[in-house]
Amino acid sequence: TANFLKLRRQMLAASSAAERAAAAARAAAAAAVVAAAEVANIECGHCRMLNIMYKARSIILALAAILLVAGGVYYYNYRKQSEVVRKASESARQEQKSYLEQTYEDVDFSRVSQGAESVLENYGDALLPGERGMTEIMLADSLSESDRARGTQILKDVARNTEYSNGARSVAINFIVNDYELDYIDRDFAKGEIFSGDKFAELLTDAGGDEELAIRKLNEWSYALSPNVVASYRIAKWYAAKIYKNPGLSATEKKELMDRVNEHIALGDQLFTQFKDSIPPHRSGLAYELKARAIHLSGGDKEEADQLFHQSMREYLQPPHVIFQTIYIARSSFYYAAFLARNFGSAKEEQIRMLLKPHVDYFSQPQEPRQRNVRLVSFLIAARDSTTDHYPAADFNKDDIKRLGKIYPDFKTVIAGLNFTEYVRGHPAEANLNSNKQ
């Protein structure tokens with residue numbers, strides 16, 4: 001029995017040890033499973049992270065590619081646009097140079113107008129406002145003889161356009177007045193074309209239908225936009241002409257007008273002194289002429305007026321001798337000759353003949369049609385055939401034609417033989433000019 005009990009205890013102990021071993025084995029297996037699971041989870045998480053990183057990198061690369069392509073397209077378009085702007089500016093400068101450097105020998109406003117049209121048509125949107133405005137002014141002036149109505153409309157559009165600088169708008173107005181003072185082909189042109197439409201019709205209305213007063217208001221608009229010597233002297237000349245045309249003014253009325261004359265001459269003098277070195281010869285010559293005429297018409301110092309006219313002639317003869325100097329000296333010489341004849345008579349005969357002889361020689365010989373100064377002829381015929389006093393100007397009219405003819409008979413002969421229709425025959429704008437002739 002004792003041995004049996006001992007054996008049984010041994011068996012129970014062995015059984016417990018086996019169970020514990022089995023339990024330990026199961027625990028170890030369970031731990032291994034858990035460990036394996038944890039390892040698996042870690043590896044799966046790492047895989048997910050790698051996947052996310054891969055996708056992110058793909059997105060970044062795609063975005064980079066898109067930005068690169070977009071940047072390339074932008075750079076290409078920028079370069080292309082910059083090239084267009086460069087070509088536009090270069091073309092505008094070339095045409096302006098061609099316009100400004102014309103001489104009497106090679107003048108061709110038809111060619112210039114075509115060049116300006118081409119620049120505006122091909123590069124209009126690419127031009128800077130200043131470039132576009134000056135190209136339009138150049139086009140308008142080139143058309144002023146052949147298609148004055150269209151040229152005037154272009155200038156009016158520039159004057160009204162607030163996108164352009166005040167300086168460019170002021171220049172456009174000055175060119176309108178230039179044409180008014182140079183061109184007498186159509187006597188009704190001012191009322192029908194210049195003073196029509198927005199901002200221009202009201203000038204004539206405010207002037208009570210008086211063209212000359214409306215022109216003064218136009219000059220005042222030019223000066224208000226950008227103070228300039230030409231507009232200032234033109235305003236002074238208007239007040240001076242008012243004195244000259246109305247000898248019956250009271251002392252008070254005359255003083256009021258003289259104060260305005262002196263005011264605007266002083267303003268012009270200040271500007272002339274300030275900007276003299278930057279003003280081209282044809283504009284400085286015009287400035288001296290306008291001041292001389294203002295002094296003459298207001299009854300000022302005759303010797304001073306004589307000196308100013310003389311200085312005007314000298315300015316017109318300064319280099320570079322472009323066509324504009326030829327145009328202005330031709331007309332100014334008649335105002336100067338008329339001034340001398342009115343105030344000095346035969347005492348200045350030699351000087352008067354010297355001023356008029358180039359015109360006598362010019363009109364005595366055939367001229368190539370496109371080089372004919374059509375507007376100058378219209379000015380002379382207007383004075384010769386005028387039926388009213390003070391036309392075409394208070395200081396140049398039919399009495400001056402007669403007075404100059406007595407001093408220089410050859411001049412009388414030439415002026416008497418002028419025929420507008422014959423003179424423009426063969427001119428590029430013959431049909432248009434004759435249709436506008438009054």
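What follows is a quick tour by question and answer.

Analyst: One thing first: this is a predicted model. Ask away.

User: How many cavities of 30 Å³ or more are there?

Analyst: There are 2 cavities of 30 Å³ or more.

User: Take the second largest cavity. About how much space lies in it?

Analyst: About 50 Å³.

User: Which residues line the second largest cavity?

Analyst: The lining is made of Leu 182, Ile 327, Arg 331, Asn 373, Arg 375, Leu 376 and Phe 379. By class, that is 4 nonpolar, 1 polar and 2 charged residues.

User: Which helices each supply at least two residues of that lining?

Analyst: Two helices do: α13, residues 323-343, and α15, residues 374-385. The largest share comes from α15, with 3 residues.

User: Stay with α15. How many of its residues are buried?

Analyst: α15 is mostly covered, with 10 of its 12 residues buried. Among them are Arg 375, Leu 376 and Phe 379.

User: How far does α15 reach from its first C-alpha to its last?

Analyst: It reaches 16 Å. That is close to the 16 Å expected at 1.5 Å a residue.

User: And α13, how far apart are its end C-alpha atoms?

Analyst: They are 31 Å apart. α13 has 21 residues, so at 1.5 Å a residue it should span 30 Å, and the two values agree. α13 is mostly covered too: 17 of its 21 residues are buried. Gly 345 follows α13, and its phi is positive, near 60°.

User: Switching topic. Which residues touch the most other members in the largest nonpolar core?

Analyst: That core has 112 residues, and the ones touching the most other members are Phe 195, Leu 218, Phe 363, Leu 380, Phe 396 and Phe 411. The largest share of this core, 13 residues, comes from α13. Apart from this core lies another, of 5 residues, including Ala 88, Val 119, Ala 126 and Leu 127.

User: Back to Phe 195. What is it in contact with, leaving aside neighbours within four places in sequence?

Analyst: Phe 195 is in contact with Ala 190, Phe 200, Ala 201, Leu 203, Leu 204, Glu 211, Ala 214, Ile 215 and Leu 218. Leu 218 is also in the group that touches the most other core members.

User: Which element gives the most to the lining of the second largest pocket?

Analyst: α9 does, with 6 residues. Elements that each supply at least two residues include α5, α8, α11 and strand β1.

User: You named Pro 392. Where is its place?

Analyst: Pro 392 is in strand β1. A cis peptide bond joins Tyr 391 and Pro 392, with omega about 5°. Most peptide bonds are trans.

User: Where else does a cis peptide bond join two residues?

Analyst: One joins Pro 319 and Pro 320, with omega about 20°. Pro 320 is in the loop between α12 and α13.

User: What about His 390, where is it found?

Analyst: His 390 is in the loop between α15 and β1. Its phi is positive, about 65°, although His 390 is not a glycine. Most residues other than glycine have a negative phi. His 390 counts as partly exposed because its relative accessibility is 29%.

User: And His 321, what is its phi?

Analyst: It is positive, about 60°, and His 321 is not a glycine either. His 321 sits in the loop between α12 and α13. At 43% relative accessibility, His 321 counts as partly exposed.

User: Last one. Is Ser 284 buried or exposed?

Analyst: Buried, because its relative accessibility is 1%. Ser 284 lies in helix α11. Not counting residues up to four places away in sequence, Ser 284 touches Phe 272, Lys 276, Ile 279 and Glu 315.

Key
Residues are numbered from 1 along each chain as its sequence is written. This is a predicted model: local features need pLDDT of at least 70, side-chain atom pairs count only at pLDDT 80 or more; totals for chains, interfaces and linings use all residues. Side-chain values use heavy atoms; hydrogens and water are left out. On a 1 Å grid over the protein atoms alone, a cavity is a set of points where a 1.4 Å probe fits but cannot get out, and a pocket is an open set with protein on both sides within 12 Å along at least five of seven lines; lining residues have an atom within 4 Å of a point. Grid points are joined across faces, edges and corners, and a volume is the space filled by probe spheres set on the points. Helices (H or I, at least four residues) and strands (E, at least two) are DSSP runs, numbered from the N terminus. Ala, Val, Leu, Ile, Met, Phe, Trp, Tyr, Cys and Pro count as nonpolar, Asp, Glu, Lys and Arg as charged, and the others, Gly among them, as polar. The expected span of a helix is 1.5 Å times one less than its number of residues. Buried means under 20% relative accessible area, exposed over 50%, partly exposed in between (1.4 Å probe, protein chains only). A nonpolar core is a set of buried Ala, Val, Leu, Ile, Met, Phe, Trp, Tyr and Cys residues joined through side-chain atoms within 4.5 Å. Contact means heavy atoms within 4.5 Å.
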